[in-house]
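Take a look at the model below. Start with the confidence, then turn to the strands and the aromatic rings.

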Amino acid sequence: MCTRCDRPELTASAAASPWNPRRAFLLAAAGVAGTALSGAALAQVNVGNASMARNLVPADKIEAAGVQQYGQLLEQARAKGALADDGNPQLQRLRTIAGRLIPFATPWNARAREWKWEVNLIGSKQINAFCMPGGKIAFFTGILEQLKLSDDEVAMVMGHEMAHALREHARARMAKSAGTGAALSIGAQLLGLGQVGDMAARAGTQLITLKFSRGDETEADLVGLELAARAGYDPKASVSLWQKMAAASKNQGGLNFLSTHPSGPDRIAKLEANLPKVDKLYRDARKS
């Protein structure tokens, strides 16, 4: 994940107000999410319980930091003419896919019901995408155009990034980092947020570039796989996606995306091993 836009390829109209269609998307997604089955079938993929370390960092603080950082990134992109407007076909495509995935987010994290989900597209040759804590999603045009992603593959990328937010990987990673230092000494201040709350509030500049552990990446792969399958996207696209990532990395001498999302045969093998677990979810979703 990265914080800057290079060589913008899209032009957003500064005079046009993008917020009405965007608000319509947010309200529609929230409405659909509200109708999702709260008693959905138990997870088909096995990722265990979310890290308890995350409890050292207040969820509302890190979500607020994510919203702040996301807003700053959009402003930077808008200033460069790189923020896609609401009529952009690629952005509309992303929002359509998100609208199908979001209803299945809440069983993974009850807080997701209150998130103000948002999807935006930034013109850049970077092969990149992310989802901030709090449901703030961004794609870079490079990942769509250079990898020539199908809708199924886009859903796998989006599901993976949503899973990082739903499993609160950023919150847990920050807590673990703080736990080795001064944060261990705050004691009862935890109940009043204290230094931990301050640390989370200052974390906005770290969230986009935060590197997750191999375990976090595996969780995000599998949770994202299930989210996409439940939304009716072909699980086999997870394999073709990472094959494309590996090929692009080889041809371009490395990708920024792969610095935080390492690829390799083991990753693909784990996805392939889980395809049978979500295949019925996909087939049932396609029928409906």
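The paragraphs below go from confidence to a hairpin, and from there to ring pairs and charges over rings.

This is a predicted model. The protein chain has an average pLDDT of 76. A score of at least 70 is reached by 65% of the residues. Confidence is highest in helix α3 (residues 89-101), with a mean of 98. It is lowest in helix α1 (residues 19-35), where the mean is 42. Over residues 1-40, pLDDT stays under 50. The model still has 88 contacts beyond four places in sequence for residues 1-40. Residues 199-205 also stay under 50. For residues 199-205 the model has 15 such contacts, beyond four places in sequence. Where pLDDT is low, the predicted coordinates should not be read in detail.

Now turn to strand β2 (residues 129-132). Which of its residues lie on each side? Ala129 and Cys131 are on one side, Phe130 and Met132 on the other. In a regular strand the side chains alternate between the two faces of the sheet. Here both faces are covered, and all four of these residues are buried.

Strand β2 runs antiparallel to strand β3 (residues 136-140). Four bridges join the two strands. Methionine 132 of β2 stands opposite lysine 136 in β3. Together β2 and β3 form a hairpin, with three residues between them. Glycine 134 sits in the turn and has a positive phi of about 100°.

Next come the aromatic rings. The structure holds three aromatic pairs. A pair of aromatic rings is described by the distance of the centres and the angle of the planes. Tyrosine 70 and phenylalanine 130 have ring centres 6.4 Å apart and planes at 85°, so this pair is edge-to-face. Tyrosine 70 belongs to helix α2 (residues 59-79) and phenylalanine 130 to strand β2, so the pair ties together parts that are 60 residues apart in sequence. Are these two residues buried or exposed? Tyrosine 70 is buried, at a relative accessible area of 2%. Phenylalanine 130 is buried too, at 1%.

Another pair joins tryptophan 115 and tryptophan 117. Their ring centres are 5.4 Å apart and their planes lie at 55°, so the pair is tilted. Both tryptophans are buried. Ring pairs also link Tyr70, Phe130 and Phe140 into a cluster.

Finally, look at arginines over rings. Arginine 100 lies over the face of tyrosine 233, 3.9 Å from the ring centre. Arginine 267 lies over the face of tryptophan 242, at 3.9 Å from the ring centre.

Terms used. Residues are numbered from 1 along each chain as its sequence is written. This is a predicted model: local features need pLDDT of at least 70, side-chain atom pairs count only at pLDDT 80 or more; totals for chains, interfaces and linings use all residues. Side-chain values use heavy atoms; hydrogens and water are left out. pLDDT is the predictor's confidence in each residue, from 0 to 100. Contact means heavy atoms within 4.5 Å. Buried means under 20% relative accessible area, exposed over 50%, partly exposed in between (1.4 Å probe, protein chains only). Two strands pair if DSSP finds at least two bridges between them. Rings of Phe, Tyr and Trp (its six-membered ring) pair if their centres lie within 6.5 Å; planes under 30 degrees apart count as stacked, over 60 as edge-to-face and the rest as tilted. A charge sits over a ring if NZ of Lys or CZ of Arg is within 6 Å of the ring centre and within 35 degrees of the ring normal.
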